[in-house]
Amino acid sequence: MGRAFVYVILGGGVAAGYAALEFVNKGISHGELCIISEEPVAPYERPALSKGFLLPEGAARLPSFHTCVGANEERLTPKWYKEHGIELVLGTGVKSADVKRKTLLTATGETISYKILIIATGARALKLEEFGVNGSDAENVCYLRNIADANRLVNVVESCPGGNAVVIGGGYIGMECAASLVINKINVTMVFPEPHCMARLFTSKISNYYEDYYKSRGVNFIKGTVLSSFDFDSAGKVIAVNLRDGKKISVDMVVVGIGIRPNTGLFEGQLTLEKGGIKVNGMLQSSNSSVYAIGDVAAFPVKAFGETRRLEHVDSARKSARHAVSAIMEPEKTGDFDYLPFFYSRVFTLSWQFFGDNAGEVVYYGDFSGGTFGAYWISKGHLVGAFLEGGTKEEYEAVAKTTRLRPAIEDLAELERQGLGFAVTVSQKPMASSPPVEISSTSSLVLESPLHAWHATAGVILAASIAAFAYFYGKKRRRW
């Protein structure tokens with residue numbers, strides 16, 4: 001027995017919800033779309049799990065954070081899917097896929113066929129056992145990838161009020177979970193092998209700011225070492241963490257955030273893979289023309305950098321979902337996906353955003369003692385990345401626009417002096433940006449040379465300098 005649909009979305013995470021909304025906006029008919037998900041609930045905003053879901057009071061619970069509230073759009077409850085004729089197949093895994101026959105075999109034995117498949121399988125959390133450490137099944141060892149994980153984490157936190165937690169990993173999940181545990185009055189020690197937190201994205205100077213803030217909230221950092229084993233009590237509960245450097249830490253609970261791995265297994269040997277994900281073109285289309293990939297699992301060409309990348313962030317999931325549906329429904333009106341990499345986080349009273357690429361020389365600016373501060377990354381004479389902590393909505397928008405423009409930069413000292421004012425000014429002025437870097441068939445990075453004449457760059461710098469002074473003078477006056 002089986003069912004047939006025009007469109008099938010495999011996976012029920014953030015990308016699936018945004019794709020469903022885009023399909024409806026593009027006018028699909030009732031009965032054309034099916035979403036298959038291992039999770040028992042309709043798609044939701046996954047970032048809520050490490051933030052609002054873990055609050056000790058007024059915690060977020062479904063249906064409040066179903067997609068697409070994260071982008072201030074409709075909240076897609078199960079009722080919404082029913083009203084729009086979208087079939088939700090929840091709590092159901094897929095055992096195998098045949099992209100030539102355009103069929104999926106579910107764990108229940110049902111065959112579902114499609115004309116167009118969108119792979120939105122996301123990624124799974126890496127387990128300790130993959131690094132030679134046993135204990136993931138202990139009742140007080142927690143991961144955080146889905147709502148079942150989040151419910152378990154909440155239960156463990158509630159079982160040890162005022163207790164001691166070790167957070168393994170210094171990336172997104174580690175930092176956000178550590179903040180939530182502190183808010184729950186849990187004593188936190190973070191352990192990771194890198195020299196500083198958020199090492200894939202932050203420089204040591206930026207990381208030091210956040211580590212100092214976390215320390216002020218009672219968090220202890222142990223860096224440059226890894227977990228080697230657990231000690232268990234007679235009931236199998238973890239009571240101590242043993243580190244490779246010889247330290248032993250008594251614990252009531254452990255949170256593990258050591259990375260993710262894209263869920264590509266169903267399609268290995270059937271679709272072209274790259275960067276650990278499913279390789280797609282600018283229309284998010286895979287090596288099989290009837291199959292698209294979006295979100296964490298997709299490795300797509302980033303036009304600004306001239307190379308294929310796989311990005312693990314909710315913003316990429318949302319925007320790639322919309323673009324893929326547009327490419328499917330209106331191919332003649334849809335160009336290549338032109339995405340500016342964007343990452344953000346909000347913890348405690350802090351809020352930062354990062355745009356572009358963290359490659360090249362770094363220019364810092366602002367107040368690292370507790371105010372607004374940021375950084376620019378300059379590569380091959382162009383601004384290619386930008387970071388800002390504590391900005392306003394307008395300032396973040398200015399930084400994003402400037403990063404997309406990739407203005408030529410010749411005087412790093414002058415850029416440092418202007419600081420945030422440079423982005424504010426450039427974003428308000430018409431300015432020729434560097435043409436997108438062409439992406440080769442092998443998806444290698446194509447080197448470029450500066451495309452602006454020196455006198456044009458000097459003119460922009462001079463104008464930005466004058467406006468930057470006016471901007472900061474006015475900003476100070478407003479604060480007074």
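Hi everyone, let's start with the largest cavity, which has about 90 Å³ of space in it. This is a predicted model, where local features need pLDDT of at least 70, side-chain atom pairs count only at pLDDT 80 or more, and totals for chains, interfaces and linings use all residues. Residues are numbered from 1 along each chain as its sequence is written, and side-chain values use heavy atoms, with hydrogens and water left out.

A cavity here is a set of points, on a 1 Å grid over the protein atoms alone, where a 1.4 Å probe fits but cannot get out; lining residues have an atom within 4 Å of a point. Points are joined across faces, edges and corners, and the volume is the space filled by probe spheres set on them. The structure holds 1 cavity of 30 Å³ or more.

Who lines the largest cavity? Among them are Tyr-172, Met-175, Cys-197, Phe-202, Ser-345 and Trp-352. At least two lining residues come from each of α4 (172-183), α5 (204-216) and β24 (342-347); helices (H or I, at least four residues) and strands (E, at least two) are DSSP runs, numbered from the N terminus. The most come from α4, with 3 residues.

Now the helices: the axes of α7 (residues 393-405) and α9 (residues 420-428) come within 8 Å and cross at roughly 75°. Axes are lines fitted to C-alpha atoms over the stretch in contact, with angles from 0 to 180 degrees between N-to-C directions. So α7 is roughly perpendicular to α9, a label for 65 to 115 degrees. In contact (heavy atoms within 4.5 Å), α7 residues including Ala-398 and Leu-405 meet α9 residues including Phe-422 and Val-426.

Key
1 Å grid on protein atoms, 1.4 Å probe; cavity = no way out; pocket = protein on both sides within 12 Å on 5 of 7 lines; lining within 4 Å. Parallel < 35°, antiparallel > 145°, perpendicular 65-115°, else oblique.
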